[in-house]
Amino acid sequence: MDCRGEKKLFVAGTWNFPQTRLHSTPAQQRPPTGISMLKHLTSKIKSTGPISVAEYMREVLTNPVLGYYVHNDMLGAEGDFITSPEISQIFGELLGIWCVSEWMAAGKPKNLQVVELGPGRGSLASDILRVFSQLSSVLAGSSVTVHLVEVSPRLSEVQAQTLTGDQHQTAGTENEPVYRRGTTSTGLPVFWYRGLEDVPKGFSLFLAHEFFDALPIHKFQRTEQGWREIMVDIDPQVDEKLRFVLAPTPTLASSTLLQVDEQRAHVEVCPEAGVLIQRLTDRIARDGGASLIADYGHDGTKTDTFRGFRGHNLHEVLAAPGTADLTADVDFGYLRRIAGEQVASFGPVTQQQFLKNMGIDVRLQVLLRNCADAPTREQLLRGYDVVMNPEKMGERFKFFALVPHSRLAVPSQGTIAKKKGPAPPPVAGFSQLAL
């Protein structure tokens, strides 16, 4: 008996959606990509049977021919949502300060790689590099390089224009690890990769802002027969429509991804996030550096967070696939468990608390004091409210960090007395910043 014989678990349009992410103004009508993606998915399901939610997300978002991220510029005023770096310049500046703070705490290593996963339009990287330029005397003598992991050719072009103007070029062949490279106006080299595994080894600060929430998730439901995976199937009652069903028997995912002591009745697990955290953990433990992850998320408490975004509105996740963004809240408890004892983890803390610890109030007052233009002052205040207000992004967004244990070790002074040296500075953002 396959999934088509199972009782339908959810009906399109009846999901109990959580609070939405901040949206932009309505996007223009999409081209008929969604129709082609729907045909692709229905053909796949007819051939192999129902697919997991993870496979559905992977196809819809990153299919090399029809994927949403591959062909759309979904950010900014004309996209499907706006991220914090697009709202307030202070957000990116404070993350630039975080990078400098962690670099200094590590002993100011000669080579500094700033690695961003899913850089959007390049706004965050641009703000960070502006801080680096302003703190050039602090960074003097260091070799700074920028490394961007981006699967969307279209977005990489936007990022290149933002960061390098016309000073960039694409690789000669598709097989090269670096598929685009350029130089900023201040002479810093920028490189683009399709995966983290292609980024060179070395001391690195890894940034992931609204990246993990787009990675494919598996969804599971507790039943009287045990855990069952939620799958995507064709609705037999309606042509060209998809529906959710329960797998009739345990799947490989339901047998291997769930914790034995899981208490929730509905669980979302993102194994790709686990693999990525393992890679980050290995690199940080081996080469030094740190990772800062900022996203919508929870600490292992939420259940059903899978949702879609298109224009100003929530979008039914199975409707017109390929025309909307798909996302699920990040389970930071899962990320911490995967990181294990190899590195030290901090958070999650709310965006409001993180930015306050980083000195956002002081920075806002400095900018307001030096700004006489009324519209600009209003924009600064409005941006501050959006990223800090608990009813907007302040509480819904969380920050999580990974650092090597050596970062927290108290150095010894002398070989005979073995006196302890000064305590290392706290990890910026998770306590009040002191540069």
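**Cavities and buried residues**

Author: A search of the whole structure turns up two cavities of 30 Å³ or more. This is a predicted model, where local features need pLDDT of at least 70, side-chain atom pairs count only at pLDDT 80 or more, and totals for chains, interfaces and linings use all residues. Residues are numbered from 1 along each chain as its sequence is written, and side-chain values use heavy atoms, with hydrogens and water left out.

Reader: What makes a space a cavity?
Author: On a 1 Å grid over the protein atoms alone, a cavity is a set of points where a 1.4 Å probe fits but cannot get out; lining residues have an atom within 4 Å of a point. The largest cavity has a volume of about 140 Å³, a volume being the space filled by probe spheres set on the points, which are joined across faces, edges and corners. Of its 19 lining residues, the closest to the centre are Ile217, Cys270, Asp329, Val330 and Asp331.

Reader: Why is Thr42 called buried?
Author: Buried means under 20% relative accessible area (1.4 Å probe, protein chains only). Thr42 has 7%, so Thr42 is buried. Thr42 touches Ile234 and Leu242, not counting residues up to four places away in sequence; contact means heavy atoms within 4.5 Å.

Reader: And why is Ser156 called buried?
Author: Its relative accessible area is 0%, and therefore Ser156 is buried too. Leaving aside neighbours within four places in sequence, Ser156 is in contact with Glu150, Tyr179, Arg180 and Trp192.

Notes: On a 1 Å grid over the protein atoms alone, a cavity is a set of points where a 1.4 Å probe fits but cannot get out, and a pocket is an open set with protein on both sides within 12 Å along at least five of seven lines; lining residues have an atom within 4 Å of a point. Buried means under 20% relative accessible area, exposed over 50%, partly exposed in between (1.4 Å probe, protein chains only).
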